[in-house]
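Student: I have a model open in my viewer and would like to learn how to read it. Could we go through it feature by feature?

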Amino acid sequence: MTEDRAPTMHHMSKLRTELPDSRRSPRFAGVSTFCRYPRLEDVKPEFAPVDWAIYGVPYDTGVTYRPGARFGPRAIRDASQYVKRYSVPHELDLCEVLSLADAGDAPVQPYHPAENLETVANWAADLGDPSHTKLLAIGGDHSIAYANVEATWRRQGSPKGGLALIHFDSHLDTVDAVWGERWGHASPFIRAIERGIIDPKRMISIGIKGPLNTATDLDFAKEHGVTIITREDWLSTGPATLKAFLKTIADDPAYITFDIDAIDPAFAPGTGTPSIGGFSSTEALAMLRSLSGLQVCGGDVVEVLPDRDVAGNTALLAAHIAFEILCLSAVVSR
Ligand SMILES: [Mn+2]
């Protein structure tokens, strides 16, 4: 088909992220990249360096309960085909504001948790233009957040004191070790805090709920000054606590990590450590939108387990959560 018969999207609008012409290649056709964004190697010079590189980490050796999140990146990419580009609440066209690309999947080492994280972090650290391109990782179990947080921290110039972190989860993920393993999905943030990559005093964990193994499970986070908003708190003091926290971090670069198990299994059944009584999809999207104004410097969406995802809702929600994180970045760059 010639150019004049099928004008490209580039001619039709001022997109910074080129999308397939949906009259020629509908959303149900073609190879799945995240939200149909171009592969990083296919981005045209005028749209480089990209503002965000989205990549998968097909890894789940860090799990303590049900395995299967290694298939999360493929499921989320597939579900993301139907995530459109214009945000109604933010009144912005994401693809007009940001140049976005799918960087494929990180290399992984399924039998070696610590080595895996090092491999992923080193690979991610070189993606796009390290001084400009931000990183959004699609999991995989929550252990992989450590790798993307570390890569992001390095690309931000290894700030002393560490990055601010906004953490959505049922669990604190600050357990020292499980079965002797220190790099599993219960431990990414204790490791990041120990290494000075995350500042616990500028870390907030939202959606925490039990039951826990013991009361001492909360001790590390409390003793290090992490702000905790439990699921119960969210119904009373939570929103005000979040607002006050956002004031304290102001314009500091902040990383968003989203464990899909913060969402109630009624909405997101496809996850490895399901926890009853979580947020609804609507609450999750509203919470993310309430972060508007935040200087997002990186993010991840993790713990989608497609084999338990009966209707694909979990992967679809994860794709939308990733979209909302990108929209937050667009809000402060438009
Ligand atoms: Mn988690």
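**Reading the fold**

Tutor: Let's start with helix H2 (residues 72–79): six of its eight residues are buried, so the helix is largely enclosed by the rest of the structure. Keep in mind that this is a predicted model, where local features need pLDDT of at least 70, side-chain atom pairs count only at pLDDT 80 or more, and totals for chains, interfaces and linings use all residues. Residues are numbered from 1 along each chain as its sequence is written.

Student: What counts as buried, and what counts as a helix or strand?

Tutor: A residue is buried if 20 or more other C-beta atoms lie within 10 Å of its own, exposed if 12 or fewer, and partly exposed in between, with C-beta atoms placed from the backbone. Helices (H or I, at least four residues) and strands (E, at least two) are DSSP runs, numbered from the N terminus. In H2, the buried residues are Gly72, Pro73, Ala75, Ile76, Arg77 and Ala79.

Student: Which elements do the buried residues of H2 pack against?

Tutor: First the idea of a contact: two residues are in contact if their C-beta atoms, placed from the backbone, lie within 7 Å. The buried residues of H2 pack against S1, strand S4 (100–105), S5 and H11.

Student: How do I read a nonpolar core?

Tutor: In soluble globular proteins, nonpolar side chains tend to be buried together. Here a nonpolar core means a set of buried Ala, Val, Leu, Ile, Met, Phe, Trp, Tyr and Cys residues joined through C-beta atoms within 7 Å. The largest one in this model has 96 residues, and Ile54, Ala322 and Leu326 have the most contacts inside it. Helix H11 (residues 313–333) gives the most to this core, with 13 residues. Leaving aside neighbours within four places in sequence, Ala322 touches Ile54, Leu136, Ile138 and Val301.

Student: How far apart are Ala137 and Ile54 in sequence and in space?

Tutor: They are 83 residues apart in sequence and 5.9 Å apart in space, C-alpha to C-alpha. Ala137 lies in strand S5 and is buried, with 29 other C-beta atoms within 10 Å. Beyond four places in sequence, Ala137 is in contact with Tyr55, Val57, Ile144, Asn148 and Asp300.

Student: How do two helices get described when they pack?

Tutor: Take helix H4 (residues 113–125) and helix H5 (residues 144–155): their axes come within 8 Å and cross at roughly 35°. On the H4 side, Leu117, Val120, Ala121, Ala124 and Ala125 meet a set of H5 residues including Ile144, Tyr146 and Ala147. The residues of this contact divide into nine nonpolar, one polar and three charged. For that tally, Ala, Val, Leu, Ile, Met, Phe, Trp, Tyr, Cys and Pro count as nonpolar, Asp, Glu, Lys and Arg as charged, and the others, Gly among them, as polar.

Student: Where are the cis peptide bonds?

Tutor: One joins Ala48 and Pro49, with omega about -5°. Pro49 is found in the loop between helix H1 (9–12) and strand S1 (52–57). Another joins Gly139 and Gly140, with omega about 10°, and Gly140 sits in the loop between strand S5 (134–139) and H5.

Student: Arg36 and Trp179 have positive phi values; is each one buried or exposed?

Tutor: Arg36 has phi near 70° without being a glycine, and it counts as buried with 24 C-beta neighbours inside 10 Å. Arg36 is in the loop between H1 and S1. Trp179, at about 50°, counts as exposed with 6 C-beta neighbours inside 10 Å. Trp179 lies in the loop between strand S6 (163–168) and helix H6 (188–194).

Student: Last one: which element has the lowest mean pLDDT?

Tutor: pLDDT is the predictor's confidence in each residue, from 0 to 100. H1 has the lowest mean among the elements (48) and S1 the highest (99). The protein chain averages 95, and 96% of the residues score at least 70. Over residues 1–7, pLDDT stays under 50, and the model has four contacts for them beyond four places in sequence.

Key:
Axes fitted to C-alpha atoms, helices over the stretch in contact; angles between N-to-C directions.
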